[in-house]
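Reader: Could you walk me through reading a structure, feature by feature? I would like the general idea each time, and then the case at hand.

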Amino acid sequence: DWFNAYRRSLLETDPAVLQRVRGRHWGYWRQSVRHQRTVTAFADGRWQVMDEMLPIRMPWSRKPIAYRLHWLLPDWPCMVENQGRGAALYLESPHGQVVLAISTNAPLTLSLYRAGVPLSGTETPDPVRGWVSPTYGVRLPALSLAVTASSPNEVQFVSEFIFP
């Protein structure tokens with residue numbers, strides 16, 4: 001089920017920003033986490049998606065929480081680079097190269113799947129990951145990129161899409 005969320009458009013005075021939208025929800029209440037996503041479309045064609053995960057709990061509770069960001073992407077030829085606290089995925093689209101750069105404020109692990117087969121990362125095969133279903137009864141290969149970060153504090157993922 002989709003989580004209930006509220007959103008609002010933020011007015012920008014910066015001419016480099018076309019639009020910025022922020023959404024917030026309490027969908028992870030069992031883990032006592034607030035998730036806030038801010039999407040910014042820039043005039044130069046870049047998109048930035050910022051996901052902020054804030055644990056809501058007593059200050060003495062220092063147990064780390066594992067946060068996972070997942071992107072389901074078109075099945076295009078790709079190359080992935082793991083960069084410590086970040087990663088970059090280079091996709092060869094029919095219109096030119098698309099870059100997805102992800103950074104976080106905590107150590108991360110990355111996995112990339114296509115049609116249930118791991119292409120990058122150390123995870124075991126997962127027959128469910130790396131598929132898209134555009135309509136009922138149809139299953140097509142896709143790229144499933146997952147980034148996981150664990151921390152007792154707030155974790156922030158920044159995904160930047162750079163289009164040709």
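Author: A residue is called buried under 20% relative accessible area, exposed over 50% and partly exposed in between, with a 1.4 Å probe and protein chains only as cover. Arg-46, with a relative accessible area of 23%, is therefore partly exposed. A word on the source: this is a predicted model, in which local features need pLDDT of at least 70, side-chain atom pairs count only at pLDDT 80 or more, and totals for chains, interfaces and linings use all residues. Residues are numbered from 1 along each chain as its sequence is written, and side-chain values use heavy atoms, leaving out hydrogens and water.

Reader: Which side chain does Arg-46 meet in a salt bridge?

Author: The general idea is that side chains of opposite charge can pair when their charged atoms come close. The term salt bridge asks for a side-chain nitrogen of Lys or Arg within 4 Å of a carboxyl oxygen of Asp or Glu. Here the partner of Arg-46 is Glu-160, at 2.5 Å from N to O. This pair links distant parts of the chain, with Glu-160 in strand E14 (residues 155–162) and Arg-46 in the loop between E3 and E4, 114 residues apart.

Reader: How many salt bridges does the structure hold?

Author: The structure holds 4. One of them joins the side chains of Asp-51 and Arg-37, 2.7 Å from N to O. Asp-51 sits in strand E4 (residues 47–55) and Arg-37 in strand E3 (residues 33–42), 14 residues apart. Asp-51 is buried, at a relative accessible area of 2%, whereas Arg-37 is partly exposed at 31%.

Reader: And where do Asp-75 and Arg-114 lie?

Author: Asp-75 is in the loop between strand E5 (65–73) and strand E6 (78–82), while Arg-114 is in strand E9 (residues 108–114), so their pairing ties together parts that are 39 residues apart in sequence. Their closest N and O atoms are 2.7 Å apart, which makes a salt bridge. Asp-75 is partly exposed at 31% relative accessible area, and Arg-114 also counts as partly exposed, at 31%. Salt bridges that share partners join Asp-44, Arg-46 and Glu-160 into one network.

Reader: How should I read polar contacts, say those of the Ser-93 side chain?

Author: A polar contact is a pair of N or O atoms within 3.5 Å; within protein, one must be able to donate a hydrogen and the other to accept it, and residues adjacent in sequence count only if both atoms are side-chain atoms. The Ser-93 side chain reaches the backbone nitrogen of His-95 at 3.0 Å, and one of its polar atoms lies 2.6 Å from the backbone oxygen of Gly-96.

Reader: Is Ser-93 buried or exposed, and which residues does it touch?

Author: Ser-93, found in strand E7, is buried, with a relative accessible area of 12%. For touching, the idea is a contact, meaning heavy atoms within 4.5 Å. Leaving aside residues up to four places away in sequence, Ser-93 touches Trp-76, Val-98 and Pro-164. Pro-94, in the loop between strand E7 (86–93) and strand E8 (96–104), is exposed at 67%.

Reader: Lastly, how many helices and strands are there in the protein?

Author: Helices (H or I, at least four residues) and strands (E, at least two) are DSSP runs, numbered from the N terminus. By that reading, the protein has 0 helices and 14 strands. Buried residues make up 34% of its 164 residues.
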